[in-house]
Amino acid sequence: MLIVVDPTRVARRLRVRGVVQGVGFRPFVYRYARSLGLAGWVRNDGGGVEIEVQGSEPLVEAFTRGLVAEAPPLARIDLIEPEVIPPDDGRRDFAILPSAGGTVATAIGPDVGVCSACLAELFDPADRRWRYPFINCTHCGPRYTITRSLPYDRARTSMAGFELCLACAAEYAHPGDRRFHAEPNACPACGPRLSLHEPHGVPALARDAIAETLRRIRLGEIVAIKSLGGFHLACDAANPEAVARLRARKQRPHRPLALMLANLASAAPLARLDGPSAATLESPERPIVLLDKQAGFDARLPGIAPGLDEVGIMLPYTPLHYLLFHEAAGRPAGTAWLDEAQPLALVMTSANPHGEPLVQGNDEAFERLAEIADVLLMHDRDIVVRCDDSVLRLRADLPVGRGEAAGAGVQFLRRARGFTPLAMPLREAGPPVLAFGAHLKTTLCMARGREAFLSQHIGNLNSPAACAALDEAAEHLQTILSVRPAAVAHDAHPDYYSTRAALEMAARLGVPAVAVQHHHAHIAAVCAEHSLDGPLLGLAADGVGLGTDGMPWGGELLQVDGGEFRRLGHLAPLPLPGGDRAAREPWRMACAVLHALGHADEAARRFAHQPSVAQVLDMLARGTRCPPATSLGRCFDAAAGLLGLCDTMTFEGQAAMLLETAARGYGEALPLPGAHHIDHRSPDGPSVLNLYPLFKQLLDETTPARGAAHFHASLVDGLVHWIADAAEATGLRRVVLAGGCLHNRVLAVGLRHRLTARGLAVFEAQHVPPGDGGIALGQAWVARAQLMKGSAS
Ligand SMILES: [Zn+2]
Ligand SMILES: [Zn+2]
Ligand SMILES: [Zn+2]
């Protein structure tokens, strides 16, 4: 055969890194290359996707640029490494080649909401997947929660047991099809099926599971629904008795419940939407977005988020969720109804008995939800990995990240479904480290290369089930990332389960274990997220974590420099009467403040309705069982207790949330004069920010909202002066704000605004939660910095 050498022909090998497997990237490359008339091939390799492409130079250049610009919705390209290679003039076509081997370095994609192309089929009565609850394609559907190990292919997922029918297999094999290599591809003939059960697993008598579920919801019953990463409990949000019953059975008297609504048009009358929040609600990740309630919300849907001015809303993300709204709308054909307001509003809350991890398996659901759910809507596709709904908020004053809706920055309160296990990019590479988190809202973090992988939310480690879930997640993270840690990191508290699990893992692997002080880790998490190195100031505004002196800390001003920190200052300590109980009972903190200010009799009078008030005042008088803590979180509790906003909490953070809501309701307030003083004890010792003068001024406040507003304004003022003094003394101009109190918008917005006005650069946690849900990232970052400096034990 005569080969004519074309001198204008060039060839490139492109290595593409990022989330490029299991997201329809190879068929996209195939179609795109063919549309430009280019020759070559594409294949998966251990590091991502490898492409060889050849043709005229302008077209090859256009192709390379277009890879990023035209990539499918779920792909995330971190890097393209191009290499010039000699053209092969025999090649005129473009092909998809079988996968090459190699070490697994590529990231598995997260679970994402059903796409519009699949929705169009779902509601098309002529389509073979009409009303099929497990419809998906390469642009949507489950990934992480069905995957046992990598590389991501069907045999390693919980779809392994469902053999593709001929029609599905043809789609799966055809490069031009939207379902080419869609691993969970399925249809009514070959895929998973729905079933409806009474409690304890008795099959429900129903011709149509969806229709029957909706009927039961309308009767006011509580339905357990098997979703992507676990079960939800759902009920009619407009039925106050059903909501009250759900709260009683879940032992969740006040904690806000999330709502699922059909679309933006249904959400708009209930919550204030703007461009960024609407785009985030509709994003494929489908998080719960915290939004300001519209006036009249509580009259329409009482009991959903009592006492708060925000409500968590999400849109449907599985075909199953959509089918419930479709049924409620009368099973319309087509998708026009998706743009119209739908009256059905569902409470959707994760199905876990009080404080335990998400229910995952069918048998487990029958057993653990028997007393909670009236009926269970389930299916036979296993959930391999638990993953709760993500929760986030948008703040106009926060920086906007790459690929996010302009106008407001994001801040996560819980990072899970839709985002787990997407990597956070790190500034530099280092040894692999597995960090175990703290005790509350636990997540794990594996730092590998230049990436950090946060696990799904595991929750509070108070129950054996939660501890088992932590162990399971630690194993799973190592499996799917195929990496063994060179060190583990944990909180400095010796009694946390996470610490014990980390030490056990370290012993088993024969690697060092690095204890990281709680607030150092909080600040370090923000350093990791924003690629900050070198010395900077960090404010840890937190609940309680163990300090290096063995005392409970939580209002700390630290100078952080990589793996090391110095305590520049702390809050004046407040005694915690009864230790941990004080963290749940703000009235005890109010007693502590009143006692310290010399008003023990006033405390006895105000809290006479508390059976143990005399005992608490006695402990305070004698100083027994009253560990002094420098926690800012407890200051919020004390203020809420003093203002009569919350005596006893039924969920973590309740007092601070009620205080914040009261302050926001009041509006702008000026700091009270003389509300704080800063004590510089010695040039080298820590400075002390004393808030007792502020508490003293709250004692006689008769309007709780005004008191709450003054408390916030004065607290911000005190913290700003304290930080500014430290900036002056150290010459450091960067300030990290971290810790659970940063969930409070009045505090966070106020601090950012005023510190920025003083010319300081302010950084907050955004893509990991500022509280303990993000602490593992900071632990990993600190341990790594210490290992690389050779200072780890
Ligand atoms: Zn789809
Ligand atoms: Zn099929
Ligand atoms: Zn903390």
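Residues are numbered from 1 along each chain as its sequence is written, and chains are lettered from A and ligands numbered from 1 in the order in which they are written. The model is predicted, so local features need pLDDT of at least 70 and side-chain atom pairs count only at pLDDT 80 or more, while totals for chains, interfaces and linings use all residues; side-chain values use heavy atoms, with hydrogens and water left out.

The zinc ion (ligand 1) has four protein donors: Cys115 (SG), Cys118 (SG), Cys137 (SG) and Cys140 (SG). They lie 2.3 Å from the ion. Donors are N, O and S atoms within 2.8 Å of the metal (3.2 Å for Na, K and Ca); water is not among the atoms, so sites may look incomplete. The donor atoms around ligand 1 subtend angles of 103 to 119°, and the arrangement is therefore tetrahedral. Four donors count as tetrahedral if all angles lie between 85 and 135 degrees; four count as square planar and six as octahedral if opposite donors are over 155 degrees apart and all others between 65 and 115; anything else is irregular. The ideal angle for four tetrahedral donors is 109.5 degrees. Along the chain, the donors of ligand 1 follow the spacing C-x2-C-x18-C-x2-C. Cys115 lies in the loop between β5 (94-96) and α3 (116-122), and Cys137 in the loop between α3 and α4 (166-173), so the pair ties together parts that are 22 residues apart in sequence. Helices (H or I, at least four residues) and strands (E, at least two) are DSSP runs, numbered from the N terminus. Both Cys115 and Cys137 are buried. Buried means under 20% relative accessible area, exposed over 50%, and partly exposed in between (1.4 Å probe, protein chains only).

The zinc ion (ligand 2) is held by Cys165 (SG), Cys168 (SG), Cys187 (SG) and Cys190 (SG), lying 2.3 Å from it. Angles of 104 to 117° among the four donor atoms make this arrangement tetrahedral. The sequence spacing of the donor residues is C-x2-C-x18-C-x2-C. Cys165 sits in the loop between α3 and α4, and Cys187 in the loop between α4 and β6 (194-197), 22 residues apart. Cys187 is buried, with a relative accessible area of 2%.

The zinc ion (ligand 3) is coordinated at 2.1 Å by His518 (NE2), His522 (NE2), Asp542 (OD) and Asp772 (OD). Its site is irregular, with angles of 86 to 166° among the four donor atoms. The donor residues are spaced H-x3-H-x19-D-x229-D in sequence. His518 and His522 both belong to helix α14 (residues 518-529), four residues apart, about one turn of the helix. His518 is buried at 0% relative accessibility. His522 is buried at 2%.

Seven strands form an open sheet in the order β27-β28-β24-β23-β22-β29-β30, with mixed pairing. Its edge strands, β27 (677-680) and β30 (761-764), each pair on one side only. Neighbouring strands are turned by 30° against each other on average, direction ignored. Two strands pair if DSSP finds at least two bridges between them. Strands β22 (residues 536-546) and β29 (residues 734-738) pair in the parallel sense over four bridges. Gly538 has Val736 in β29 as its bridge partner. Helix α22 (residues 704-730) lies across β22, β23 (552-561), β24 (564-571), β27, β28 (687-690) and β29. The helix runs at about 135° to β22. Axes are lines fitted to C-alpha atoms, for helices over the stretch in contact, and angles run from 0 to 180 degrees between N-to-C directions.

The largest nonpolar core has 74 residues, of which Leu632 and Phe695 touch the most other members. Helix α22 gives the largest share of this core, 11 residues. Apart from it lies another core of 41 residues, including Leu233, Ala242, Leu259 and Ile304. A nonpolar core is a set of buried Ala, Val, Leu, Ile, Met, Phe, Trp, Tyr and Cys residues joined through side-chain atoms within 4.5 Å. Beyond residues up to four places away in sequence, Leu632 touches Asp542, Leu715 and Leu719, among others. Contact means heavy atoms within 4.5 Å.

Ser612 lies in the loop between α17 (600-606) and α18 (613-622). Ser612 is buried, with a relative accessible area of 15%. Arg734, in strand β29, is partly exposed at 25% relative accessibility.
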